[in-house]
Amino acid sequence: MVHSSPTLQHSNTPSPLFSDYHTHPQGHRVQRYSQELLQPWVDQARKIGLRDIAFTDHDRHHAGVDFDEIDQLRERNPDLKIRAGIELDNDPENSAAGRKWIEQHSDKLDFVLGSVHFLQRDDQMFDTVPAGASQFEGRNIDEVYVDYFRRVRNIASTGLVDCLAHLDLIKIHGHRPNAEIEAIADETLDFIRARNLAIELSTAGWRKPVNELYPSDQLIKLAMQKGIPFTTASDAHSHVQLGENFGRLAEKISGFGICEIAIYQDHKRKMRSVL
Ligand SMILES: [Zn+2]
Ligand SMILES: [Zn+2]
């Protein structure tokens with residue numbers, strides 16, 4: 001059992017926020033969508049007070065996604081908005097097939113996340129904890145950051161994504177650049193703004209070694225200055241993680257004076273008042 005800290009939110013705590021736009025019903029392997037697989041996510045969402053959720057399984061697991069099952073789930077649960085989504089990453093092996101699948105099913109998808117999980121190694125995601133930390137050993141961290149954000153711009157430029165996931169995932173193991181993060185990420189945020197994409201506020205960082213929201217306060221401020229919209233996200237790989245630490249996230253959001261959160265239907269963004 002993981003040790004608890006006062007900042008960890010119990011999974012049954014009511015959420016002051018209304019949406020979670022980063023969830024993995026299939027977890028870490030291909031599991032065909034069915035009512036049995038998906039209904040617990042809706043039950044949990046309802047229990048904690050979420051009203052709008054997006055399923056965003058990894059594109060390498062697209063074989064499990066079944067849009068008819070999502071439609072059935074919507075019919076059975078008309079009180080919730082259920083969005084069909086996917087998380088596209090830069091997997092050297094699988095992302096070409098993932099891109100093709102997204103192009104073929106774009107009209108059925110409401111929302112596509114773009115992610116960078118791979119650096120120079122093709123066989124290991126750098127965000128694997130703890131093994132991925134070895135990819136940083138002996139490297140110039142500023143260069144690693146610059147390379148990472150170049151890859152983020154690559155994913156953003158595919159024209160397939162609506163929102164960037166965990167924008168500063170590169171900090172996951174606690175490596176910090178010497179240069180100011182604003183200087184390193186400025187071009188990428190301009191790029192995201194120019195393409196009219198959103199970024200997510202992800203509580204997943206609070207359960208990782210870095211123990212910090214994705215993205216950092218500095219990047220949230222910079223994104224706000226540039227007028228980039230935000231989604232709210234847990235990156236849940238189990239339904240009990242849905243809306244994890246959203247109480248803490250809500251405090252951040254009001255502290256920053258963020259008033260609206262983005263939701264998506266058919267890749268079209270709408271802004272909704274945070275409360
Ligand atoms: Zn991810
Ligand atoms: Zn994810």
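**Close-up views of a predicted model**

**Figure 1. The lining of the largest cavity.** Helix H4, which spans residues 141-156, gives the most to the lining of the largest cavity, contributing three residues. The structure shown here and in the following views is a predicted model. The count of cavities of 30 Å³ or more comes to one, and the largest cavity has a volume of about 30 Å³. Its lining is formed by Gly 114, Ser 115, Val 116, Tyr 148, Val 152, Ile 155, Leu 164, Ala 165, His 166 and Leu 167. When these residues are sorted by class, seven are nonpolar, three are polar and none is charged.

**Figure 2. The largest nonpolar core.** This core has 83 residues. Which of them touch the most other members? They are Phe 126, Tyr 148, Phe 149 and Leu 164. Helix H4 gives the most to this core, with eight residues. Two of the residues named here, Tyr 148 and Leu 164, also line the largest cavity of Figure 1.

**Figure 3. The site of the zinc ion (ligand 1).** Three residues coordinate the zinc ion (ligand 1): Glu 87 through OE, His 117 through NE2 and His 166 through NE2, at 2.1 to 2.2 Å. Along the chain, these donors follow the spacing E-x29-H-x48-H. His 117 belongs to the loop between strand S4 (111-114) and H4, while His 166 belongs to the loop between strand S5 (163-164) and helix H5 (181-194); the pair therefore ties together parts that are 49 residues apart in sequence. Are these two histidines buried or exposed? His 117 is buried, with a relative accessible area of 2%, and His 166 is buried, with a relative accessible area of 2%. His 166 is also among the residues that line the largest cavity.

**Figure 4. The site of the zinc ion (ligand 2).** The zinc ion (ligand 2) is coordinated at 2.0 to 2.3 Å by His 22 (NE2), His 24 (NE2), Glu 87 (OE) and Asp 235 (OD). The angles among its four donor atoms run from 79 to 165°, and the site is irregular. In sequence, the donors follow the spacing H-x1-H-x62-E-x147-D. Glu 87 lies in strand S3 (residues 81-88) and Asp 235 in the loop between strand S7 (230-233) and helix H7 (246-256), so this pair ties together parts that are 148 residues apart in sequence. Asp 235 counts as buried at 9% relative accessibility.

Figure 5. Glu 87 is buried, with a relative accessible area of 1%.

**Figure 6. The second largest pocket.** This pocket has a volume of about 380 Å³. Its lining is made up of 20 residues, and His 28, Met 125, Asp 127, Lys 208 and His 237 lie nearest its centre. By class, the lining has six nonpolar, eight polar and six charged residues.

Figure 7. How far apart are Ser 19 and Gly 243 in sequence and in space? They are separated by 224 residues in sequence, yet by 8.0 Å in space, C-alpha to C-alpha. Ser 19 is part of strand S1 (residues 19-20) and counts as buried, at 1% relative accessibility.

**Figure 8. Two cis peptide bonds.** The peptide bond from Val 129 to Pro 130 is cis, and its omega is near 0°. Pro 130 is located in the loop between S4 and H4. Another cis peptide bond joins Tyr 214 and Pro 215, where omega is about -10°. Pro 215 is located in the loop between strand S6 (198-202) and helix H6 (217-226).

**Figure 9. Two asparagines with positive phi.** Asn 196 has a phi near 60°, a positive value in a residue other than glycine. Asn 196 lies in the loop between H5 and S6 and, at 42% relative accessibility, counts as partly exposed. Asn 211 likewise has a positive phi, near 50°. Its place is in the loop between S6 and H6, and at 44% relative accessibility Asn 211 counts as partly exposed.

Key
Residues numbered from 1 in each chain as written. Chains lettered and ligands numbered in written order. Predicted model: local features only at pLDDT ≥ 70, side-chain atom pairs only at ≥ 80, totals over all residues. Heavy atoms only, no water. 1 Å grid on protein atoms, 1.4 Å probe; cavity = no way out; pocket = protein on both sides within 12 Å on 5 of 7 lines; lining within 4 Å. Points joined across faces, edges and corners; volume = space filled by probe spheres on them. Helix = DSSP H or I, 4+ residues; strand = E, 2+ residues; numbered from the N terminus. Nonpolar A, V, L, I, M, F, W, Y, C, P; charged D, E, K, R; others polar. Core = buried A, V, L, I, M, F, W, Y, C linked by side-chain atoms within 4.5 Å. Buried < 20%, exposed > 50% of the residue type's maximum accessible area, 1.4 Å probe, protein only. Donors = N, O, S within 2.8 Å, 3.2 Å for Na, K, Ca; no water. Tetrahedral: all angles 85-135°; square planar, octahedral: opposite > 155°, others 65-115°.
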